[in-house]
Number of protein chains: 2
Amino acid sequence: MVTAANSLELRLDRLGEQAAALGLDAALITSDESIAYLTGFRPIQLERFFGVVVSPERSAVIVPALDRGQVEEAPRRLTPISYGAESDGLPELADALAGARTVGVEEDHLIYSRARALAQQGFELVPAGALVMGLRIAKDDVEIERIRSACELVQEGLRRAFELLTPGVVEHALNARVEGWLREQGATAAHPLILFGENAANPHADPGPRELRAGDVVCADLSACLDGYWGDLTRCATVGAPSDWASAAWRVVLEAQRAAIDAAQPGAPGREVDAAQRRIVEAASELGACLHGAGHAVGLSIHEPPFLVPRWDEPLAEGAVLTIEPGIYKAGIGGVRLEDDVVVRAGGPEILSTLPLELVELGR
Amino acid sequence: MVTAANSLELRLDRLGEQAAALGLDAALITSDESIAYLTGFRPIQLERFFGVVVSPERSAVIVPALDRGQVEEAPRRLTPISYGAESDGLPELADALAGARTVGVEEDHLIYSRARALAQQGFELVPAGALVMGLRIAKDDVEIERIRSACELVQEGLRRAFELLTPGVVEHALNARVEGWLREQGATAAHPLILFGENAANPHADPGPRELRAGDVVCADLSACLDGYWGDLTRCATVGAPSDWASAAWRVVLEAQRAAIDAAQPGAPGREVDAAQRRIVEAASELGACLHGAGHAVGLSIHEPPFLVPRWDEPLAEGAVLTIEPGIYKAGIGGVRLEDDVVVRAGGPEILSTLPLELVELGR
């Protein structure tokens with residue numbers, strides 16, 4: 001992942017200013033995605049410590065010695081500090097934080113053993129995950145183009161999946177094949193969730209040994225990470241002509257998706273986007289249940305804030321990229337969901353995918 | 001993943017006894033793999049809390065309401081507690097811990113925000129990750145058979161990968177195709193790391209756009225998770241007849257692997273297994289460098305203690321399953337590594353794979 005050095009510098013500037021405005025002496029960033037956002041380098045952490053320290057005295061990136069080469073492109077203001085096999089990285093972290101008392105941390109990522117070691121050294125930890133996440137929410141143009149590229153790969157994957165969907169194909173094998181194809185195209189990670197018939201009635205189901213049969217509805221949710229950024233789309237199909245239920249469910253979800261996309265305006269609270277789809281899906285309760293919110297943001301993570309759910313009061317920022325994915329689910333029958341990735345823009349929402357929303361009729 | 005209820009009960013018994021012996025009022029287990037070890041159910045956590053509480057007063061498994069159905073097979077002594085969308089699960093956790101003061105936690109998994117919330121409620125957290133990990137180290141017969149099955153799948157994947165290795169194939173595409181194949185066979189996760197030529201000189205390299213060429217050495221490391229347990233094997237090949245370097249490197253690594261396997265005896269410190277291979281690889285320094293330890297344990301995690309490195313003094317337990325994987329790496333040329341999964345047994349080490357260690361000559 002290559003990000004222009006000046007974008008990275010700007011992000012570090014803003015993080016430093018906002019940390020100072022909160023009265024923090026330093027910010028400590030430890031999640032893979034936030035480190036990637038600030039350095040251009042996405043670590044794979046396993047048990048070894050990686051971190052970025054931003055403070056007025058000294059900003060640093062701390063990595064295991066084996067990974068030292070990978071942070072050479074990090075902004076110059078970040079002093080690279082590496083540690084060898086004899087260290088767990090915490091003494092080097094404490095050195096980089098020397099002089100700070102209050103340290104903002106990503107409270108949902110920092111593990112207890114490290115928090116404890118820092119507290120024992122006299123640092124006062126302050127939950128501050130919202131600082132870097134607040135910056136990550138509004139995507140810049142380069143980030144938006146990367147999400148668009150990921151969406152292009154995903155929609156090509158959906159087209160391919162629909163070609164492979166013939167009666168007798170096994171659900172888990174089909175998902176594995178589509179995952180392999182996405183990885184062959186360069187995706188560094190991919191999560192297909194293509195569910196058949198009654199299995200599609202549970203949006204959290206795992207693909208299983210069930211074969212595709214005539215009459216099935218198929219709910220195909222595909223996501224892939226390309227060059228650091230995720231795309232996430234869902235389309236539906238039926239094996240043969242759609243049933244009355246499938247046609248009606250698809251029409252309701254299509255209307256709900258349009259309404260939610262229209263509601264994705266700068267300044268609107270996340271819950272309003274959810275309410276726009278929920279109203280329509282819940283009014284069609286004879287067709288099934290509304291089991292989840294309108295969507296979530298995508299970017300360096302597949303699932304990141306804001307979440308489009310009833311409790312999300314914060315106003316949407318311009319540049320946020322949201323999945324809009326209403327669905328309706330009928331136990332024993334199936335589920336229909338339509339999902340696009342949408343940029344919140346002053347001029348109105350921009351949809352990053354071009355794949356038609358049609359209910360695909362397989363085998364025609 | 002189905003584990004006999006009596007095995008799960010036994011694990012809970014032991015965990016409870018050992019926590020009490022350490023003076024803890026309760027143990028809180030939060031990592032996916034440890035929850036799977038105790039309940040038979042492997043959660044996928046994302047942002048939602050899952051946990052197991054083991055205490056003399058009340059043992060419980062706490063899950064999001066959506067996942068309630070999945071813990072029905074958990075041991076009966078674990079009261080299932082689920083929480084809805086209005087909770088983050090922590091009030092339910094505090095209820096389950098009520099009456100306890102000292103709580104042992106998995107310090108390398110519990111996140112700071114949850115540790116902080118528990119501390120604010122008056123619980124005294126004690127790092128105790130070694131408790132459940134100590135139980136997980138010695139595998140029972142059912143676990144060993146699962147690792148054997150995963151190894152069988154991986155060795156079939158290696159055979160297939162070698163068939164696909166013809167000049168012109170692209171490194172990252174080959175890795176993706178092998179990953180897709182392993183997933184099609186039922187692997188819930190798979191990590192191929194098949195590296196060509198000079199890229200194989202770096203055991204941490206990513207597969208890239210490089211095509212396979214005549215004369216390349218290929219270092220093929222494959223791991224896959226089947227039915228909850230990982231297998232992890234490495235074999236090597238050359239495109240055409242091996243160079244003198246490749247033949248000599250392979251002979252050294254073969255000798256080092258035999259020596260390390262022989263050293264994997266109950267009661268031997270982990271460092272001795274490492275020393276057995278290191279001595280041989282380092283004596284061949286004209287062929288390349290010794291860049292890593294002898295291996296690590298596998299089980300519910302692909303990477304778990306004990307680690308076979310110079311600092312690991314703890315004696316090996318009977319039933320531990322270890323990767324034994326010495327390698328030798330020459331910058332600009334390539335790398336050779338041979339890896340098997342080995343059970344530590346009183347009667348001598350048992351190798352779980354049957355694939356020959358030969359240096360495969362591709363295109364013959």
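Strand β1 of chain B gives the largest share of the lining of the largest cavity, 3 residues. Here strands (E, at least two residues) and helices (H or I, at least four) are DSSP runs, numbered from the N terminus. The model is a predicted one, in which local features need pLDDT of at least 70 and side-chain atom pairs count only at pLDDT 80 or more, while totals for chains, interfaces and linings use all residues; side-chain values use heavy atoms, with hydrogens and water left out. Residues are numbered from 1 along each chain as its sequence is written, and chains are lettered from A and ligands numbered from 1 in the order in which they are written.

Back to the cavity. On a 1 Å grid over the protein atoms alone, a cavity is a set of points where a 1.4 Å probe fits but cannot get out; a pocket is an open set with protein on both sides within 12 Å along at least five of seven lines, and lining residues have an atom within 4 Å of a point. Grid points are joined across faces, edges and corners, and a volume is the space filled by probe spheres set on the points. By this rule, 1 cavity of 30 Å³ or more turns up, and the largest has a volume of about 30 Å³. Its lining is made up of B:Ala27, B:Leu28, B:Ile29, B:Gly104, B:Val105, B:Glu106, B:Ala128, B:Leu131 and B:Val132. Two or more of the lining residues come from each of β1, β5 (102–105) and α5 (129–137) of chain B. Sorted by class, there are 7 nonpolar, 1 polar and 1 charged residues in this lining, with Ala, Val, Leu, Ile, Met, Phe, Trp, Tyr, Cys and Pro counted as nonpolar, Asp, Glu, Lys and Arg as charged, and the others, Gly among them, as polar.

The strands β1 (residues 26–29) and β2 of chain B run antiparallel, joined by 3 bridges; two strands pair if DSSP finds at least two bridges between them. On its other partner, β2(B) has 3 bridges to β3 (residues 59–64) of chain B, again antiparallel, with B:Val52 opposite B:Val61. These two strands, β2(B) and β3(B), form a hairpin with 4 residues between them. Strand β2 (residues 51–54) of chain B is covered on both faces, with B:Gly51 and B:Val53 buried on one side and B:Val52 and B:Val54 on the other. Buried means under 20% relative accessible area, exposed over 50%, and partly exposed in between (1.4 Å probe, protein chains only). Helix α2 (residues 32–39) of chain B is mostly covered too, with 8 of its 8 residues buried, including B:Ile35, B:Tyr37 and B:Leu38. Just after α2(B) comes B:Gly40, with a positive phi of about 80°.

As for the two chains, a rotation of 180° with 0.0 Å of shift along its axis puts chain B onto chain A (RMSD 0.0 Å), by least squares on the C-alpha atoms of residues with pLDDT of at least 70 in both. That is the relation of a two-fold axis. In chain B, the C-alpha nearest the axis belongs to B:Gly180, 1.9 Å from it. The copies meet through the same surface, because 100% of the interface residues of chain B are also interface residues in chain A; contact means heavy atoms within 4.5 Å.

Of its 18 lining residues, A:Arg177, A:Trp181, A:Glu184, B:Arg177 and B:Glu184 lie nearest its centre. The most comes from α7(B), with 6 residues. By class, the lining of this pocket has 8 nonpolar, 3 polar and 7 charged residues.
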